[in-house]
Amino acid sequence: MNQQAQSAPGGPDRPRTYDDIINDSWTSEEDQRRAKADSLLGHMASLLFQRGKISLVHLLLQARKSEIEWDDESQTNDLWLDFDPGVFTEFTEEITEELKDAFNRVANRLNYGIEWIGFRETLPSVGPDWREQLQGMLNGDRPTNQSRRSAPEKPQFIQDRLAFTNSGEQRVYQALKHLQEKELPPEETISIFPLPNGRVPGHTWEPDLLVTYRGRAGVLEIDGPHHRTRRAVDTSRDHLLRDAGIAFVDRITVEAVDNPQELMTSLKRFLRRLKETA
């Protein structure tokens with residue numbers, strides 16, 4: 001029997017827990033370490049949410065990587081969280097201590113044998129042609145909305161010199177661009193800003209899409225398959241955005257992204273609500 005054929009205890013439809021993955025004899029040692037790292041990060045974020053530390057939850061959600069590494073000097077396994085440089089600047093001594101306290105509480109209860117946590121900037125990925133790539137980026141040959149990125153490799157999804165995290169974001173952009181150029185009059189059209197880094201009180205955030213229409217700014221987020229587990233955090237963030245001047249925040253479901261007709265209906269509804277927002 002292979003790993004995929006096995007079902008978690010409690011029925012084949014029950015999602016596998018971290019314990020299921022870690023304790024499964026078919027799980028590789030590398031996958032066990034990944035599961036432990038993600039479990040620690042998730043438990044930290046959930047504990048901080050229960051404590052009402054919403055800004056710290058937002059911070060942890062921006063971790064680019066969580067991994068467990070062996071420290072030869074101390075002879076221990078350590079948890080490292082990697083963040084983009086712009087996010088890493090938020091790590092004050094007070095924030096670091098609060099995150100370490102949450103980690104210690106979680107690590108002691110989960111008993112994974114991980115006793116230390118560290119925070120660091122993401123390491124840029126470079127190849128032998130790094131000089132040419134960086135020179136091109138310095139000369140303006142890069143996605144205009146991705147100047148915050150330190151890695152010089154070319155993003156996979158690019159259109160109109162704008163980079164996207166995935167194909168879903170790009171499809172939403174294409175639909176908005178169709179509305180912008182084909183359906184709305186030039187004197188009353190929209191502006192589209194994919195993945196703009198922005199600052200609200202106590203937090204730096206990167207909405208999927210910022211759209212301006214009739215003197216109002218709205219944010220569109222694309223819900224991922226695991227969105228339900230983040231609903232409370234997303235609602236809190238929406239309140240922060242509205243309090244900071246964003247007139248309307250809406251979400252596009254994954255199902256709508258995959259259905260052109262439903263996507264266009266959702267976007268038109270978003271623009272109508274944005275226009276009507278007082």
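User: What makes the pair of Arg 120 and Glu 67 a salt bridge?

Analyst: The closest N and O atoms of Arg 120 and Glu 67 are 2.9 Å apart, and a salt bridge is defined as a side-chain nitrogen of Lys or Arg within 4 Å of a carboxyl oxygen of Asp or Glu, so the pair meets the definition. Arg 120 lies in strand S3 (residues 114-121) and Glu 67 in strand S1, so the bridge ties together parts that are 53 residues apart in sequence; helices (H or I, at least four residues) and strands (E, at least two) are DSSP runs numbered from the N terminus. The model is predicted, so local features need pLDDT of at least 70 and side-chain atom pairs count only at pLDDT 80 or more, whereas totals for chains, interfaces and linings use all residues. Residues are numbered from 1 along each chain as its sequence is written, and side-chain values use heavy atoms, with hydrogens and water left out.

User: How do you know which parts the salt bridge between Arg 64 and Asp 84 joins?

Analyst: The closest N and O atoms of Arg 64 and Asp 84 are 3.0 Å apart. Arg 64 lies in the loop between helix H3 (54-61) and strand S1 (65-71), and Asp 84 in the loop between strand S2 (76-83) and helix H4 (85-88), so the pair ties together parts that are 20 residues apart in sequence. Arg 64, with a relative accessible area of 44%, is partly exposed, whereas Asp 84, at 14%, counts as buried.

User: What makes the rings of Phe 164 and Tyr 173 a pair, and is it stacked, tilted or edge-to-face?

Analyst: A search of the whole structure finds 6 aromatic pairs. The ring centres of Phe 164 and Tyr 173 lie 5.1 Å apart with planes at 45°, so the pair is tilted, given that rings of Phe, Tyr and Trp (its six-membered ring) pair if their centres lie within 6.5 Å, planes under 30 degrees apart counting as stacked, over 60 as edge-to-face and the rest as tilted. Both Phe 164 and Tyr 173 are buried. Elsewhere, ring pairs link Phe 83, Phe 88, Phe 91 and Phe 119 into a cluster.

User: What makes a set of residues a nonpolar core, and which residues have the most contacts inside the largest one?

Analyst: A nonpolar core is a set of buried Ala, Val, Leu, Ile, Met, Phe, Trp, Tyr and Cys residues joined through side-chain atoms within 4.5 Å. The largest core has 29 residues, and those with the most contacts inside it are Leu 40, Leu 60, Leu 79, Leu 81, Phe 83, Leu 99 and Phe 103. Two or more residues each come from helix H2 (29-50), H3, S2, helix H5 (93-110) and S3, with H2 giving the most, 7 residues. A second, separate core of 26 residues includes Leu 162, Ile 252, Val 257 and Leu 274. In soluble globular proteins, nonpolar side chains tend to be buried together.

Definitions and conventions: Buried means under 20% relative accessible area, exposed over 50%, partly exposed in between (1.4 Å probe, protein chains only).
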